[in-house]
Amino acid sequence: MARNYKKEREWQLQKYDQIRANIDKELGTALRKKLKDEGKTVAGWVTENVKKYLKKN
């Protein structure tokens, strides 16, 4: 069975909000390394910190 990329993309757009940012190269590299060492993903880290930030404010 072949993947239906159109339906997959529609589902993705309904379920997720894509947030992109350009940050300093050294800072981004250090963040990715630390997250890898901790077994976390960038998306997981962002989600965790957004929840904390929204609770705080």
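Predicted model: local features only at pLDDT ≥ 70, side-chain atom pairs only at ≥ 80, totals over all residues.
Entry 1. I looked up the fold. I found three helices and zero strands in the protein chain. Along the sequence the pattern reads α-α-α. I then checked the radius of gyration, which is 15 Å, well over the 10 Å that the globule rule gives for 57 residues, so the chain is more spread out than a compact globule. For the extents, I noted that the C-alpha trace spans about 40 × 30 × 20 Å along its principal axes.

Entry 2. The accessible surface of the protein chain is about 6,200 Å². Carbon and sulfur atoms account for 54% of that area. I looked up burial next: buried residues make up 4% of the 57 residues.

Entry 3. I went through α1, which runs over 5-15. I found that α1 is hardly covered, as the count of buried residues among its eleven residues is zero. At the start of α1 I noted a contact in which a side-chain oxygen of Asn4 comes to within 3.2 Å of the backbone nitrogen of Lys6.

Entry 4. I looked up the largest pocket. Its volume is about 1,100 Å³. I counted 24 residues in its lining. Those that lie nearest its centre are Ile19, Arg20, Val42, Ala43 and Val46. By class, the lining divides into eleven nonpolar, six polar and seven charged residues.

Entry 5. Which helix gives the most to the lining of the largest pocket? I found that α3 does, with seven residues. I also noted that α1, α2 (25-38) and α3 (42-56) each supply at least two residues of that lining.

Entry 6. I checked Arg32, which is found in helix α2. Is Arg32 buried or exposed? Its relative accessibility is 58%, and I applied the cut-off that exposed means over 50%. Arg32 therefore counts as exposed. I then looked up the pair Arg32 and Val42, which are ten residues apart in sequence and 7.1 Å apart in space, C-alpha to C-alpha.

Terms used: Residues numbered from 1 in each chain as written. Heavy atoms only, no water. 1 Å grid on protein atoms, 1.4 Å probe; cavity = no way out; pocket = protein on both sides within 12 Å on 5 of 7 lines; lining within 4 Å. Points joined across faces, edges and corners; volume = space filled by probe spheres on them. Helix = DSSP H or I, 4+ residues; strand = E, 2+ residues; numbered from the N terminus. Nonpolar A, V, L, I, M, F, W, Y, C, P; charged D, E, K, R; others polar. Buried < 20%, exposed > 50% of the residue type's maximum accessible area, 1.4 Å probe, protein only. Polar contact = N/O pair within 3.5 Å; in protein donor to acceptor, adjacent residues only side chain to side chain. Rg over C-alpha atoms; globule rule 2.2 N^0.38 Å. Areas by Shrake-Rupley, 256 points an atom, 1.4 Å probe, with all protein chains shown as cover.
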